[in-house]
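Please keep the sequence and the model in view while reading.

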Amino acid sequence: MELYKSLGLALLVLLGLCSQYALRDKGATLDSRPSSAASGWATFSWPFAAVSVAGPRRTLLQDVENDKHADEVVHQLIVRLNASRLAPLPVRPQERCVLTRGNWCMQFHLQEPVPRFPPPYYDKPCPNDCNGVGNCNHEYGTCSCPAGWGGADCSQPRKRPCHHMGEGKRDAGWHNLTAWSHTRCAGVCDDDVAMCYCPADTKYGHREAPPGAKPGTPPEQRGRPLFMCTPGTDKDGKKVLWGGTPYEDMFGPEGWCNADKPKFTCPCRLDGLLGLTCSEVVEQTCTNQCSGHGECNQGFCKCRAGWYGVDCGLRRRGVLPQPGDQWTTKPWIEPVLTHTVATEDPPLTPVRRRPYIYVYDMKSDFGTDLLQYRIEGSHCLYRSFARANQTSFVGYNAYAAEPVLHELFLTSEHRTLDPEEADFFFVPVNVGCLFDVYGWNEIPRWPRGLLGPRTHGATMMQREAARWLNATFPYFARRGGRDHIWLNPHDEGACYVWREVWPGVMLSHWGRMDFPHASNTAYGQDNYSLPLHHDSHPGDWRDHTSLTHPCFDPKKDLVIPAFKQPQLYNKSPFLGAPVRERDVFAFFIGDLRMEPGRDPACRYSRCIRQRLYNISREQHWREAHGVMFGERKDIGGDASYSELLSRSKFCFVLPGDGWSPRWEDAVLHGCVPVVIMDDVQVVFESLIDVSLFSLRIAESDLGRVVEVLKGVSEVRLAEMQAHLAKVWHRYRYMGLRMLDDSARAYLWDYRADAGGKAPRTPGAEFSVSRQDDAFATILQWLYHRIPDVHGTQQGGSKGAAAAAAGAGALVGAAAGVGAGVGVAAA
């Protein structure tokens, strides 16, 4: 698009020049045409033929000089246009598969594309039209219900009461229970989601819809929220042990719930509310923003008639296409909407490639409920809306790959709406979001009534999701779940997945290989090695989970990158930033937990970070070798994290409570990763020859770290840096509108600062491209796995057999290029 903008500008200027010189003399002929030769990355020919107009000739002074000036103007325009262009992207499969291991990449690129057909449409009705509050899935005739509603037709109450809630949706007694909880309410509870508001008898209290209003009617007045705002005294001045704010500040005449300009303000942390008094209403955040065909309610899309799906992206048979809200009433959602390829009718591209991925619309219990229950607005998201409905990335969400991958699978060209032809099935269960809300309330918990470790709750939630799939659809049982894709973004990945779920494809950020294994976390609530017995599973839960399988199986699973928004690597030369001198020899900044009593057993990071920190002090790493290692207070200075990474030669990749995104940080900045964690594969290590651009040091050699790094020659270091430039793009996610636009904005700014010149840094050609990014890498690998997953040699489906045959036929071709071990670096 940028090329077209530049071309358009250049052509407008040229047209103006042509008009000027042609009209200088009605009978004139453009005798001199600008040269088509131009240096740079492309050459453009003069687009206009000679123009001849009959009539009397007049001579203008200095014609030759003017023509020469025109020549120079055009030449400079073309030079500038070429200078603004990035280096060309790799095209041939051999170039695109550089540094890969095996033939998975070549198999994908050499497959024969097949015609793309219009999507299937469905028209099954739902009982009671889902009570007007839910969405009818017209493929299966089943209802998806929002929080507060349940049953086959969304007509049954399905409540989430606030903690210790009594009559009138008020607290059951401020003094008869002293425990604080996230969902304990000092006002009135919205018991659909356990959100607390000022009571109805205050000026800014929550007033529900009148009796008899149809289901789903919004409250007469939402009121001011009381989340994380609790009273320290009652109206008589008696101490309330679970609160902290004086009663008058909350409920007095000048207090939060009564005054137009209260002297005390409670925080506005609910998604969609901003401002000092929570009076500024902005758009709430939903999956792909309901595709412009629904209203977002805390993560649940209420679709307009004729539309359905978790993102309202599917159209009922017979319903005519219509413009979305982004074109009519909500232009502010347009920058976050990503086009859904699978619903194109007619298809905009004539062919498609495998794998075909079917994305389940999960039961609300496992999906949208978690988003509606989160209450803390920034949790579980990768983006949200700020003032004036300007969209922005959420500052930090360790598990943000969960919403990102869901949107990517929904909008991908590899998505199929026909489950019968699917090669794989993506199961979007919000286990990462569960970690953010687990324990705040008695709902959600799996099993109901038991508050075990978060890991146990996530395991049981996945187990119940798998059993629901098996009872509702025929596809899980067809191959024993082997073709079902599960994301496990937690700190220790899939270590504790239920054994019924384990045969599936596990995507996680943690490639721990040893077995048997035990939890390494320093956080007790995540310790999956704690014994637990319950009637819902006979015996110890570990006998069904961590004791039955490894954390990661490279034959069927994949270690994928954590999500990094472009802002987090905005100083990277790969994104167009000016190349900095790498004056930091080695670098690490992060949590060390060295404070007394914080981690007495030194479990966090396997004690690697702490031991290295002590060694760095003993050996004076910074003074003697230019190594920065420690927490921010140890590093000092004003340089941003991204800037420090871009200035470093080596960057340490160390575990945390399990995975840590330090590999991604290093690679995205062109810093050579130094991996210190035994028996753990790093991101895509089973797919890419990471030994060509990283170092691995055994935990037993911590005392020799600097010695090992000093032993790397300048030549080898340069080779590793060159290899990083060829694969860095596989470690970041693109393909969503907001991600693409953010990366493009950084590139444009850097280009403008450079006088319109595009960066020529090796690797910068990928700066704004989604080609072979992290998601594409996952899909390419999935294609390679079709024969193994489908077991086609035992007689899989016709489509799977064809895919397997095609993949098998390409093995020889791929081996011929890469000698059976991928494509070597150029």
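Over the face of which tryptophan does arginine 463 lie? Arginine 463 lies over the face of tryptophan 498, where a charge sits over a ring if NZ of Lys or CZ of Arg is within 6 Å of the ring centre and within 35 degrees of the ring normal.

| Arginine | Ring | Distance to ring centre |
|---|---|---|
| arginine 463 | tryptophan 498 | 4.9 Å |
| arginine 224 | tyrosine 204 | 3.7 Å |

The model is predicted, with local features needing pLDDT of at least 70 and side-chain atom pairs counting only at pLDDT 80 or more, while totals for chains, interfaces and linings use all residues. Residues are numbered from 1 along each chain as its sequence is written, and side-chain values use heavy atoms, leaving out hydrogens and water.

The structure holds 33 aromatic pairs (rings of Phe, Tyr and Trp, its six-membered ring, with centres within 6.5 Å; planes under 30 degrees apart are stacked, over 60 edge-to-face and the rest tilted). The ring centres of tyrosine 358 and tyrosine 360 are 5.7 Å apart and their planes stand at 90°, so this pair is edge-to-face. Both tyrosine 358 and tyrosine 360 are buried, that is, under 20% relative accessible area with a 1.4 Å probe and protein chains only. One aromatic cluster includes Tyr358, Tyr360, Trp446 and Trp468.

An open sheet of five strands runs in the order β15-β18-β19-β20-β24 with parallel pairing; strands are DSSP runs of E of at least two residues, helices runs of H or I of at least four, numbered from the N terminus, and two strands pair if DSSP finds at least two bridges between them. In β20, methionine 506 is the bridge partner of tryptophan 486.

Technical notes. Buried means under 20% relative accessible area, exposed over 50%, partly exposed in between (1.4 Å probe, protein chains only).
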